[in-house]
Amino acid sequence: MTHEMLRGLAPTDRIERLKQAARSEERYLSVEQALLITESYRQHPGAPRVLQRAHALAHALRNIAIRIDRDELIVGNRTSGIRSGVVSPEAGIAWIEDELETIASRPQDPFQVRQEDADLFLREILPLWRGRTLEDAVADRIGAEIGEIKSVVKINQTDHAQGHICPDVARWLELGPAGIREEALSRLQGLEQETRSERSTRDAEEAFLHAVVISMEGAIEFIRRYAREAEADVPMIAAVCRALAERPAETFHEALQSTWFLFVILQMESNASSFSPGRADQYLYPYLERDLQAGSLTVEAAQELLDALWIKFNQIVYMRNAGSAEYFAGFPIGFNVAIGGMHADAETDAANLLSWMILKAQEHVGFSQPNLTARLWKGSPREFVEECARVIGLGSGMPQIVNDDSIIPALQEIGIAPEDARDYVVVGCVEISTPGNNLGWSDAAMFNLVKALELTLNDGVCMLTGKQVGLSTGTLEDYRTFEDLLAAYRRQVDHFIDRMIPLCDAVDRMHAEFLPSPFLSGVIRDCVARGIDVTAGGARYNLSGIQAIQVANVADSLAALKALVFDVDGTEGKNRVERGELLSALRSGFEGFEVLRRMLIYRAPKYGNDVEWVDRLGAHWADHVAQRLREFTNARGGPYQMGLYTVSAHVPMGKNVAATPDGRRHREPLADGGVSAMYGRDTSGPTALLQSVARLPFRHAANGTLLNMKFLPRTFANREERSKFVALLLALIDLGIHHAQFNVVNRETLLEAQEHPEEHENLTIRVAGYTAYFVELSPDLQNEIIKRTAYDM
Amino acid sequence: MTCDTEATAIGGATEETAPLGAPSELRGRVFDIKRFALHDGPGIRTTVFLKGCPLACTWCQNPEGIPLKKMVVYHPEQCIRCEQCVTACPNGAITTRPGERRFIHIDRTRCDCDGTCIEACPTRALRWDSTEYTAEQLLREVERDEVFYRNSGGGVTLSGGEPLSQAPFARKLLELCKAAGLHTAIETTLQTTPTVLTGMLPVVDLFLTDIKLWDPEQHRRYTGVDNGIILENVRFLAGKGAHMLVRVPLIPETTTSRENIAAIARFVGALPGGHALELINFNPLAAGKYEMLERPYPYARYTSPLPEEDVEELRCLVRAEGVTVI
């Protein structure tokens, strides 16, 4: 079986119809599961939280309305409506109360609200949960401290359950819910014979294992309900579901359906961003191979099933509060699938027929989910890289590219075993994790290095509000040398790191207290065997990721200070900027200082142009954060680590930063992505940009990095042109850059889509480690994407 | 061949402040270094544009490259109309034009100092059009993208202007490139001597050259010289077995006649060694450069390339002569 047979394979009529139907439904806020959860908590007062959670999930699995749509080959959803915004009372609902009136009309990611649902929410859900959610506990216990540092540090995960996890799908397929239930039961029996351990530990372990059993039983019943629902009209689906309720998957169709049920149920338990399927081309391949060899399935039929699953990945979206929706705009749910990459032997590449079929599914469906990633390295077959380039050229921004040759050593550096590191996956957008054994907590916090620099220049006082929010270290006028300034900056950064860590730890512990996740724990290796929930540290790897934001603005600002303010040797005296004048200019947001602002832009070199000393300034401060994080251990006993990505947070985070010495005005967006240059400032072409990027400390950025690049469609016009893009990808691997993603679009198309959104509903765009529908983004973000530098060929 | 002068606007590698070598060293005058050049030879390349050209084609895409002398150029999009240049100029050569996009005007006849206005300009709206490098310095610049050459089969291309108008420098640079293992190409008019060409043979992997017009008189009319030396040098290179690509720029109502294309194709077909011919479509983007230099652009009325069907028709003529067309 080779991929040659996929050439020219078109989507079937059924797939075209399913695609049409997929985006025709309006998005609504849904309270159905919240009502069931509330009902269940009423039935189990006083039980340990892990059992309450298991009962609530099982109750929902048994009672939530289900629906099978016409033409579906893969069935199941967590609500009967497509793309509903699910209310999760255990995690947080205060924000929903605040935004109930506005969520239908907010600029980013609006949801319609039915009046009866709003009434039910206010009458049945809110009264029971008010003051009892994770969100409330965070606010009560550490809200004040979070508020004090919020201008520099955004603590995440305060009102929803933890995602960014790749479950052990292979294990789920091999055992099925029934098999995992058996395992938990036998562990329970073992526990009864044990007398060694402490009574309280044993109680907790017992409760946890019971909870796993209850949640798996709920899962079995959920799958069985679909079998019954399909019985009359679609016997084939009924047969698949009936089989999966009783035994592990055997056929390719069963394996795909089983995989989808797993992600639906994980979302029902946690309603979190980014449960990622990971290396689907690896764990699903044996099922495909067996069916093809047995002759029970054709490649065409297998492709149709895969396409159908690809459409399903778009039916679950994640509803965030208005602020968070700005940070993560366009409903990124983060079903990240990683294809290809190194085998565990570190010598051969893992790309197979299914990897090619997944690229084909991306071509056939082209929706925003799943988030498709290709793992490339020196050993990638040339034709596989070429096929990735061809699909990127189709314009959906996928697959994004990640680099085995740089990521695997970085993972080993933070203590991941070599064989696990080689098996790495991407969870959500660009966050790196390992499958089935890792709670990576990728987005513990975002650390705004640019804001910290603003405070350093202004004695710890926010230039926008005039409030003292940081350390009093003096102002720009007080620093006699560049080194004095850097020393003050270090103190400021360290101060916020030291205040941030205990808050991240506290949030982490509250997750274990409020949101233990027994179903998820059943598909993370070691949790059942150790009898410890994944939120309490049951996984083999327990990481916490802090994003350092934003290298480009830090490098450009420090370079301008160094070149024009402090180290003026070699530049003419008349171009020297006085410290007092610059400080006044920054405080005023450059109002009345346009000449100075232009001078800062044009007279000082910028990150992204292969100017080594400038790039090193950015690299140094990113690495400083990474090194400081190594000093700490998180609440689950694992390490903190650094990432360099912002998702779409460069826009809202920029709103909180005053004018900067790189010529950026008050509240303008920061550089996009994570390691990208400030838009419009990388004027030396893509190779120079990549050389600059490659100077960053990737070895210490195993949490993930993000580089956006935008190319014009003619770059991909034919094989000859594409071969140069392929070379660019291969060079990127050699340069040791973890990640890059590519928008392939004309500026005119984007402007036209802003003008006539109704005609461009299917235009997808890479925002930041994920793809969204361009017309669903707020105007601010749309404009920022249009401004990013485009490379022509 | 496109040359984006914007590429050096901000902090690129071609700062005019690049340190110069010892005064006795051979230096080249470079008006652009274009990285990620994709159509100047195979693979991903860095193209270095040297100043000076013995021809003056009416359609020249890089008119700033024709004079060897360095000049001040003005970028109105970066100008904030502060008039510091007007004050700074010791010759009173700069005047303002309120209300116009090109706010300042430089009287070239009076402009002769060493860039006082450039130093005065806070925003780099005024810049030198070129930078001087030693061959070693320039090698370091082009070596930056070695990883891209290696992965794409690319390398370095010398262009201009006419790079051989700075022949000793061009030769030295390419010699260094060869020694560093880089693939080398040169875009040349071939308006030069056999001696110079013989010297280039060992250091050039690919010659990219033009035959613009077959008729010698027409050639003189549109480029300033007749094509005798050029055709002789094409034959010379073919005879030496040099790797060469001959191209015809398709300039509306100038080079696009059937007779011209057919005659050039016949000539190329008769060369020893079986050389291909490339037809390069008209590129209307040069208009902006003429504006920058405040010179009229004779092809301003042509705002788009030739239609693909017209180009294809000309390609057929080439094929009819038994010549491979690109």
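I looked up burial first: 67% of the 793 residues in chain A are buried, meaning under 20% relative accessible area with a 1.4 Å probe and protein chains only as cover. I note that this is a predicted model, where local features need pLDDT of at least 70, side-chain atom pairs count only at pLDDT 80 or more, and totals for chains, interfaces and linings use all residues. Residues are numbered from 1 along each chain as its sequence is written, chains are lettered from A in the order in which they are written, and side-chain values use heavy atoms, without hydrogens and water.

I then took the secondary structure of chain A, which has 31 helices and 18 strands; these are DSSP runs, H or I of at least four residues for helices and E of at least two for strands. The radius of gyration of chain A is 26 Å, close to the 28 Å of the globule rule for 793 residues, so chain A is as compact as a globular protein of that length. The radius is taken over C-alpha atoms, and the rule is 2.2 Å times the number of residues to the power 0.38. I read the span of the C-alpha trace along its principal axes as about 85 × 65 × 55 Å.

Next I turned to chain B. Strand β9 (residues 183–188) has five of its six residues buried. Strand β8 (residues 155–160) of chain B runs parallel to β9(B), with four bridges between them; DSSP must find at least two for strands to pair. I looked up one partner: Leu158(B) bridges to Ile186(B) in β9(B).

Terms used: Buried < 20%, exposed > 50% of the residue type's maximum accessible area, 1.4 Å probe, protein only.
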